[in-house]
Amino acid sequence: MIEYILMITTVLGAIIALMQRDLLKAAILTGIPGISIAFLFQFLLAPDVALTQAIVGSAILPVFIALTVLKTRRTEEESK
Amino acid sequence: MSFYDIILKRIRKIQEKAEEEPITNVTASAMLTAELTLIISVLVAVVMVRLIHPVLMIIMIAAVLVIALMAMPIMPRLRREQNDDLNNMMFYVVVALGIIVALFYWGNLNV
Amino acid sequence: MVVDSQLMSFFTAGSLVVIGIFAALFLDNLIKKIIGLAFLADGVNLFIITMGYKPGGIVYIFLPDMVVSNFAQTASYPLPFALVLTNIVIGASTLAVILGLVIILNKRHGSLSASKILRDKGE
Amino acid sequence: MDTNALIAVMVALPIASALFLNLLDKKDRTIKILAIITAIVIPIIPLLTPYGSHFFGGYVPLAQNATLAQGLPSLITGTQLFQFHPGIMYVFTSAQQLMVFVLGLITFFAIFTFLNETKRPSGVYAFLMFMGTASVSAILLSDDIFNIFVFFEIAALAQVGIIVASGIKNNYETALKYILLGNIAGPLLLLGIVILLGVTGNVNVTDMIFTFKQGYVDPNSPVILMSLALITFGWLYASGLPPFHTIKSAVYSKALPHGAALLQAFSVFTLVAIGIIILRLFSYNPFTNIAIIGISVIAMILGITMAIVQTDYKRILGYLAVGELGYIGIGLGLGTAFGITAGLFQAVNEAIITSFLFIGFGTVLYKTRTSNTRKLGGMMYVNPRVALLVLLAGLAMAGVPPLNAFQSKLMLIQAAIQSGLPELGIIMILLSIVTFMTFMKAFYTIYMRPKPKELEILDNKIPRSTVISLVALLIICIILGLFPQIATNSLQTLAVGLV
């Protein structure tokens, strides 16, 4: 049962992260699909890939993006 | 009005349209050459449809000719479409992906 | 189980790919585009892992007390997993390059909007 | 067991040298010496290497490993497991020899002009060039489709680096666009590859073909069609065929001339390598050839018509390079042995001629620091010898005898007529003429018309190394034009094997 919850959090987390207007929030929320996918990998019998994905997907990528947001600008500007 | 006059009129129209840039002989003739090259090579390429069916080829050539004459300054439009804007390029890339996938499925059923 | 979990996992991967392409195509902000592309790569990774999964199987690590023939029949297929490890690393490094370029471009233009800084320069 | 370590050296040497160059960023003399030595050695290795294959880690198929094969149960020896390739395999035949040699030669000329045109050669730039060469060589050699994907990504990153390092206006924007598009195309290519892996259980191209041929897998199943479409899409990105022709030509125009010469060689050889993989895997499907020809015709028409209306000469060359890719694609798509030979020969010629043109027009950029044809003129009086060389390069591109593209374009037209598609021949002749016209338009505005008053020509002399490179490239063009058998004989074996 747990895997279905993980799949739902993956998709919902991705959508919610893209819906944020605050870019820092969006960057941090990127970690939710990342960590859900890592757990999903564990469920799908790939524990070593799950370890890598847990580090890269839930820590490194959100931190990279968040650092970029801090170096550039916090909010999304009005388009056009 | 003869056929030649129609083409001449269209060419004058192209030259008017290209006025956003400083118009010289070179740019005007370049646009004209590109236009003619485009139409002729598309026409010749359409002749290859004869391998599928000869009648289809005739219909398609007629259609291409009519469309080309109706929308004759194609090149300025084509040039405006193929610009360096990321959104534009991304759009065409995704459209091309869709076309390729669809074509391969269609082609495997029909060729 | 009513629905096969492997099939659902494929659907999850597919929706991540679709979300990624949607974000890259329709969202204007560069950071959002990049997040979308990261989801696209995640979706592909999930697809690969799901492909190697064997329902009711075991992890592909051979422990000393296992029987070879039994292991060969029940273990999941490890080759896709090795590919995913490589792909995660490639994706992360590409993302770092993109973010570096974004920082430089933001310094020059003071904007993160793709339609402002990546438009046609008319040249 | 014919494991051949020199094949691996072809890829490993540029990578090792590149890493060293990256470390030695501030030491100018060391960089120059190391870069030039590596650049000389790279084209020599393929000439010395005997044909054969290399198995990384020594993982040969069981059938070739006498010690392991002894005493195996018939459960293994009787099945296909006995033949499969367990590790990454590089194949080196005469066609790969020629192509890796030409790629190495272009790398050498690019490095040679780069070291002499820039005052303070940066080690990082040389690092990127060597990295790109190594990855494209690996794409040419590898028989393992995932290995090709990895090097595809490395090559994309190296190309982005070469654009970023150029310092031309708006280069960062182009680099970002290129890598963003690459991040869509790359994962989709990987998706195509892993679908094949999932269906056949293997990433080795030879084994995949074996599974198709033996009927273990239904080659017409929709899943495989999806993977064919996705791999084709990745191929379009790597080689710059439409819809990627705008970004690819922008990439060429935003790199320095020697960088652009190298970048177009990368595109040409990636096109050939992945195109061959597609043909090997999917040639049972008649629509593959039709699709390749269709894409190539669109590339030719769009590339060359867009080249006419440009005003920046680097952009003109970029679009012409993309348009010329269509000729190679037509050769591959015809599917006959003669057609594929002609396409491969055209690929070799085009890589040489386009680098010739980029380096030649690079002298204009070197003297005037502008690439806008509207502001240029009268360069003929500045340096008539270089102007003559550039003119010869343009003639070569248009296919004037006795230069090399004449032979390959003639072969292509003959192949098209033999396959019952004379229309393709007509389009190719027509577009060759238009190519020449486009080139002459650029040549006239840059070299022959009177010099505009506001154009200032810098006082720096064109380095002798650039002229030497141009002359050497011209000599290669003439040799290949007079004796096309040198190239076609080595390409023919590969082409015959594909049919």
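Predicted model: local features only at pLDDT ≥ 70, side-chain atom pairs only at ≥ 80, totals over all residues.
Q: Let's start with chain C. How many helices and strands does its secondary structure come to?
A: Chain C has five helices and zero strands. Along the sequence the pattern reads α-α-α-α-α.

Q: What is its radius of gyration, next to that of a compact globule?
A: Chain C has 20 Å. A compact globule of 123 residues would be near 14 Å.

Q: And what box do the C-alpha atoms of chain C fill?
A: Roughly 65 × 35 × 20 Å, taken along the principal axes.

Q: How much of chain C counts as buried?
A: 43% of its 123 residues.

Q: What share of its contacts joins residues 24 or more positions apart?
A: 56%, counting contacts in chain C with a separation of 6 or more.

Q: Now the neighbour. How many residues of chain C are in contact with chain A?
A: 42 residues of chain C do this, and they meet 38 residues of chain A.

Q: Which helices of chain C supply at least two residues of that side?
A: Helix H1 (5–26), helix H2 (30–52) and helix H4 (79–109) of chain C. The largest share is from H2(C), with 12 residues.

Q: What classes of residue are on that side?
A: The side of chain C that touches chain A has 25 nonpolar, 14 polar and three charged residues.

Q: Switching to chain D. What is its secondary structure?
A: Chain D comes to 21 helices and two strands.

Q: How does its radius of gyration fit a compact globule?
A: It agrees: chain D has 23 Å, and a compact globule of 499 residues would be near 23 Å. The C-alpha trace of chain D spans about 85 × 55 × 40 Å along its principal axes.

Q: How much of chain D is buried?
A: Of its 499 residues, 61% count as buried.

Q: And what percentage of its contacts joins residues at least 24 apart?
A: 81% of the contacts in chain D between residues at least 6 apart in sequence.

Q: What about the largest nonpolar core?
A: That core has 272 residues. Leu181(D) and Phe269(D) have the most contacts inside it. Helix H8 (residues 171–200) of chain D gives the most to this core, with 19 residues.

Q: Which residues does Phe269(D) touch?
A: Met99(D), Leu103(D), Val136(D), Leu140(D) and Ala351(D). That leaves out residues up to four places away in sequence.

Q: Next, the packing of helices H17 and H20 of chain D. What is the angle?
A: About 30°, with the axes 11 Å apart. H17(D) covers residues 384–398, and H20(D) covers residues 464–482. Their crossing is left-handed.

Q: Which residues make the contact?
A: H17(D) brings Val386(D), Leu389(D), Leu392(D) and Ala396(D). H20(D) brings Val467(D), Leu470(D), Leu474(D) and Cys477(D). By class, that is eight nonpolar, no polar and no charged.

Q: Last topic: chain D and chain B. How many residues does the contact take from each?
A: 38 from chain D and 33 from chain B.

Q: Which elements of chain D give two or more residues there?
A: H8, helix H10 (222–239), helix H11 (245–254), helix H13 (286–308) and helix H19 (422–448) of chain D. H13(D) gives the most, with 10 residues.

Q: And the classes on that side?
A: The side of chain D that touches chain B has 29 nonpolar, six polar and three charged residues.

Methods
Residues numbered from 1 in each chain as written. Chains lettered and ligands numbered in written order. Contact = placed C-beta atoms within 7 Å. Helix = DSSP H or I, 4+ residues; strand = E, 2+ residues; numbered from the N terminus. Nonpolar A, V, L, I, M, F, W, Y, C, P; charged D, E, K, R; others polar. Core = buried A, V, L, I, M, F, W, Y, C linked by C-beta atoms within 7 Å. Buried ≥ 20, exposed ≤ 12 C-beta atoms within 10 Å, placed from the backbone. Rg over C-alpha atoms; globule rule 2.2 N^0.38 Å. Axes fitted to C-alpha atoms, helices over the stretch in contact; angles between N-to-C directions. Left-handed = near helix turned anticlockwise from the far one by under 90°.
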